[in-house]
Amino acid sequence: MARRKLIAGNWKMNLTASEGAKLIADLKAACDGSCKCDCAPEVLVCPPFTTIAAVLEAVKGTPIEVGAQNVHWAENGAYTGEISAKMLVELGVSHVIIGHSERRQYFGETDETVNQRVKAALAAGLKVVLCIGETLTEREKGVTNAIIEKQVRWDLADVSAEQLDNIVLAYEPVWAIGTGKTATNEQAQEVHAFIRELLGKMYCPKCAEAVRILYGGSMKPANAAGLLAQPDIDGGLIGGAALKAADFMALIQAAKA
Ligand code: PGA
């Protein structure tokens, strides 16, 4: 089964509302019309919360989708600084990134809270980009697969096979994020294949075949083609290179079928 590639930009804590709108305008200008062809990948951008409204306005008339970078699991309540799924839905976003390693590393995110966020987002009708990945120490200890399995099983606990349709996984080795170090094509493919096999056991082989698994971690125009050519790599979750229109457009072009 052919899976349509997805190129997703994670803007992290970058770009104000006006800067975000400008980046979308630059992307539109850089698109030669072939961005709308059937061979084009799905394109998603995930700006900071305060930039989302301006970006939603700027992408009107384009196929670019807009997501958030996190969501709380409660519908509302005394959770200072948090944003609920209902708020995101009313704003008009379609996707939300959950469990990014920066949230796990700097903000105490655990597999348990990731799972709660995933379930709340799905229940509200959002599509989820679920991030998983091992640290350098874990890779060096040879426990990459064990860590990935623990994250996938825990983060997707109580998620049904039907709900899996609304999940995209992003394998992001922590040691490759923002470091300029990319996993080799083979290292990435090996983990992606492992994740797909695991999903096959947790759900069914056919369900696993349909799930898109993105690679993330210093993906850029220079290394994208090799990664995207791997059989189990279905796109990219891109940080740094998503902030420059020319680079992001080059990644969209690299993902064309
Ligand atoms: P990077 O970030 O492309 O800057 O390494 C990827 C990510 O954190 O999603």
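**View 1. Arg196 is buried, with a relative accessible area of 5%, and sits in helix 8.** The model is a predicted one, in which local features need pLDDT of at least 70 and side-chain atom pairs count only at pLDDT 80 or more, whereas totals for chains, interfaces and linings use all residues. Residues are numbered from 1 along each chain as its sequence is written, and side-chain values use heavy atoms, with hydrogens and water left out. Buried stands for under 20% relative accessible area, exposed for over 50% and partly exposed for the range in between (1.4 Å probe, protein chains only). Helices (H or I, at least four residues) and strands (E, at least two) are DSSP runs numbered from the N terminus. A polar atom of the Arg196 side chain lies 2.9 Å from the backbone oxygen of Ala208, a polar contact being a pair of N or O atoms within 3.5 Å; within protein, one atom must be able to donate a hydrogen and the other to accept it, and residues adjacent in sequence count only if both atoms are side-chain atoms. Not counting residues up to four places away in sequence, Arg196 touches Arg3, Ala208, Glu209, Val211, Ile213, Asp232 and Asp234, where contact means heavy atoms within 4.5 Å.

**View 2. A network of salt bridges links Arg3, Arg196, Glu209, Asp232 and Asp234.** A salt bridge is a side-chain nitrogen of Lys or Arg within 4 Å of a carboxyl oxygen of Asp or Glu. In the bridge between Asp234 and Arg196, the closest N and O atoms are 2.8 Å apart. Asp234 belongs to the loop between helix 10 and strand 8 while Arg196 belongs to helix 8 (residues 185-202), so this pair ties together parts that are 38 residues apart in sequence. Asp234 is buried, at a relative accessible area of 3%. Arg3, found in the segment before strand 1, also counts as buried, at 15% relative accessibility, and its side chain reaches the backbone oxygen of Pro231 at 3.0 Å. With neighbours within four places in sequence left aside, the contacts of Arg3 are Arg196, Glu209, Ala210, Val211, Arg212, Pro231, Asp232 and Asp234.

**View 3. Glu42 and Arg212 meet through their side chains in a salt bridge (2.8 Å, N to O).** This pair links distant parts of the chain, 170 residues apart, with Glu42 in strand 2 and Arg212 in the loop between helix 9 (205-210) and strand 7 (213-216). Both Glu42 and Arg212 are buried. In total, the structure holds 19 salt bridges.

**View 4. Lys150 and Asp111 form a salt bridge between their side chains (3.0 Å, N to O).** Lys150 is part of helix 7 (residues 144-155) and Asp111 is part of helix 5 (residues 111-123), so the pair ties together parts that are 39 residues apart in sequence. Lys150 counts as partly exposed, at 45% relative accessibility, whereas Asp111 counts as buried, at 7%.

**View 5. The ligand has 13 residues around it, of which Lys12, His100, Glu172, Gly178 and Ser218 come nearest.** A residue is near the molecule if one of its heavy atoms lies within 4 Å of it. An N or O atom in the side chain of His100 is 2.7 Å from an oxygen atom of the ligand, and a backbone N or O atom of Gly178 also lies 2.7 Å from a ligand oxygen. A polar backbone atom of Gly240 is 2.9 Å from an oxygen atom of the ligand. Taken alone, the ligand exposes 280 Å², and the protein buries 94% of that; the areas come from the Shrake-Rupley method with a 1.4 Å probe, and for residues only the protein chains shown count as cover.

**View 6. Lys12 and Leu15 are placed in the loop between strand 1 and helix 1.** Although Lys12 is not a glycine, its phi is positive, at about 55°. Leu15, likewise a residue other than glycine, has a positive phi near 75°. Leu15 is partly exposed, with a relative accessible area of 23%.

**View 7. Helix 11 (residues 245-254) has Ala245, Phe248, Met249, Leu251 and Ile252 buried.** Seen down the axis of helix 11, the buried residues fall within an arc of 155°, so they line one face of the helix; the arc is that of the directions from the helix axis to the C-beta atoms. These buried residues of helix 11 pack against strand 1 (6-10), helix 1 (17-30), strand 2 (42-46), helix 10 (221-228) and strand 8 (235-238).
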